[in-house]
Amino acid sequence: MKKENLIRTISTAAAIVVMLFLIISFLIVFQSKMTNFLFDMTLQNVAETQDLYAESLQNKISDQIKCLEAQSNLFSETDLNDLSMLKEKAKAVNETGDFLKLAIVNEHGTAFDFSGKMLPNMRNKDYFYTALARNESQIANSIELDEHLQPCLVITYPFKAKNGSKGVIAGFFSYDIMLQLFSIPIYSGQSYFYLITNDGNIILQNKDKSNPLYNIDFFSYIKRSSQNENLSLNDLKLDMLKKKSGYIDLNGVEGKKIFSYAPIKINNWYIISALPYSYIYNQQSKINGLVFVLLAAVTAVVIIFIMIIYVIAKRNITIKKDNERLTIATNQAQTLIFEYDLQKQIISFSGDTHFILGTNRKSFPIDFIRTEYFSRVHPDDKGVFDRLREALMNNGISFSSEFRYKDFNESYFWVKMTGSAILTKEGNVTQFIGSITNVNSQVLHEQELRNIAERDRLSYLLNKSAMQHKVCEYLEKDGRDQKSALIIIDLDNFKDVNDKLGHMTGDLAIKDAAKKLSLIFSDKDYLSRFGGDEFCVLMRFNSALTRESILKVITAKANDLKRALREDYSNGELKVSVSASIGIAVYPENGASYEELFKNADHALYQVKQNGKNDFRFYEE
């Protein structure tokens, strides 16, 4: 019996030793695997974070270039070599976007900011002559200081004026705005970023936002601040020459760090993230603590293992939250993927169906979609269905269109539908696969930019160039077979208002006249201010009206204008009486183009001025 007990005890002890050996071996392997996994996961998420930061910066700069493009339209009628005209035109423009200031520069490098102040000549700036030579926007490869010693990044947009003179709009993009794009703390605030050019010049570093770092050679700065040779910097230089991404280890006075780097689509710049190894060591120490707990309590192996899984899951949740915060910061739109089977007449969805369909259901008969959801498309955008049907009937390979859609709060928002057809060998469409994306913020932003470029800043009516563009487009397309009339209105004695009563009263008179024009004419008419005291209107008529009816309507409107624009302005001591002289040209009798109509209406206006003002006149041969 004693022998059997001894054998059983020895067997149990051996089993325990074997179990402990297996558990220890498992834990050692597990610890090694977890260390490698944590390191790889950290590098992967650093790369994803870099991509999100790069996308955010690229989107922001793209928006600023669109602002510059909108501003360039205001100089399309300006002789960029006439410095006095250029200066006055620049003073009439308001600043927009996130720029510290904007400047207009002619092809000789002469520059004025939008307050009319002359700036240092830009002829020798590489971003200036490259923008003109390539006829494309350029971004400076270094930070510059403006007259207030504020750091900024210069962005240029080239354009050509109507008379053939060339120039650029230069925007001094705020360095503080760039820092804000890199302001979201990740990895417990221990990580920071460098933005450098491909030759190593530092554009931005967000480690110490109170002490901006720029226009310093990155490699010299790292060598000096780390007080080590760090031969791995040579690997970074070689990878930058090959436009490759990767990571290196660096040793310095603050300890060992990982430098992860990747090229971005701005001037071949690089974004470099610095993450202390201590962050990874801290994570590893937590795992090591769990391993020691396992060694001390073999009977709780399963429980401890579950705890490890829980800790790992918690780490993933933290990392996902970091990425979600960056995703929200870049304002990514909602997207819905759909697949339309023409044979089964079934449409299937994946993604966020709720923002379009109001339900999480993923599959519907096409007839149900037509009945329940087509009515939510804005009445003015119903043509999207005709274009889609035409694309399918003509075996179109791709389709793209934007339209307004009413959500379940009864508010319209802009969406973009894109898709591609899948064809059989015979060329017949069997499926149509596409996406619907919420692009409301982008479309509204583009509309705002167009509105800024097209509107006169004082009257908020169309400016001269926008009016000419709209009238020409109307006469060439929808208005070719319709009746219309071009009316030029000149305020009599307006110069006396400015000279005797002051420009503030003059501005009030312009705003007053613009408001009265808006009340007299309908929404379908084009209203504009050409500058000074001159206004222009295009009245559009239904083709069913007779010429006699149209002339009566125009005459009534002209009389309304005479009465409404007859106004006295006073400063308490002096009084100036303002009236209106009006010239009218009818399309197509008095001209088949905008130029002819404007010339003839202006001629009629001149005759009114010669005959005592305060009247209207139709053009006569």
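Analyst: Leu 149 counts as exposed, because its relative accessible area is 62% (exposed means over 50%, buried under 20%, and partly exposed in between, using a 1.4 Å probe and protein chains only). This is a predicted model, so local features need pLDDT of at least 70 and side-chain atom pairs count only at pLDDT 80 or more, while totals for chains, interfaces and linings use all residues. Residues are numbered from 1 along each chain as its sequence is written, and side-chain values use heavy atoms, with hydrogens and water left out.

Back to Leu 149: you'll find this residue in the loop between β5 (144-145) and β6 (151-160). Helices (H or I, at least four residues) and strands (E, at least two) are DSSP runs, numbered from the N terminus. Leu 149 isn't a glycine, yet its phi is positive, at about 60°.

Asn 493 is another non-glycine with a positive phi, here about 70°. Look for Asn 493 in the loop between β19 (484-492) and α14 (494-501). With a relative accessible area of 31%, Asn 493 is partly exposed. The peptide bond joining Tyr 587 and Pro 588 is cis, with omega about 5°.

Now for a strand on the inside. Strand β1 (residues 99-106) has 7 of its 8 residues buried, so the rest of the structure largely encloses this strand. What does β1 pair with? One partner is strand β7 (residues 166-174), antiparallel over 7 bridges (two strands pair if DSSP finds at least two bridges between them). Within that pairing, Asn 106 is bridged to Gly 167 of β7. Strand β2 (residues 111-113) also runs antiparallel to β1, joined by 3 bridges, and there Val 105 has Ala 111 as its bridge partner. The hairpin of β1 and β2 has 4 residues between the strands, and Gly 109 in this hairpin takes a positive phi near 90°.

Next, the nonpolar interior. A nonpolar core is a set of buried Ala, Val, Leu, Ile, Met, Phe, Trp, Tyr and Cys residues joined through side-chain atoms within 4.5 Å. The largest such core has 58 residues, and Ile 61, Ile 104, Leu 153 and Leu 195 touch the most other members. Helix α1 gives this core its largest share, 8 residues. Apart from that core lies another one of 34 residues, among them Ala 485 and Ile 487. Skipping neighbours within four places in sequence, Leu 195 is in contact (heavy atoms within 4.5 Å) with residues including Leu 57, Met 178 and Trp 269.

Helix α1 (residues 2-72) also holds Leu 22, which is exposed at 52% relative accessible area. Leu 22 forms a nonpolar surface patch with Val 18 and Phe 21, and together they have about 320 Å² of accessible area. Patches are made of residues with over 30% relative accessible area and no salt bridge, with like charges joined within 9 Å and nonpolar side chains (Val, Leu, Ile, Met, Phe, Trp, Tyr) within 5 Å. A salt bridge is a side-chain nitrogen of Lys or Arg within 4 Å of a carboxyl oxygen of Asp or Glu. Accessible areas come from the Shrake-Rupley method with a 1.4 Å probe, and for residues only the protein chains shown count as cover.

Zooming out, the protein chain has 17 helices and 24 strands, and 45% of its 621 residues are buried.
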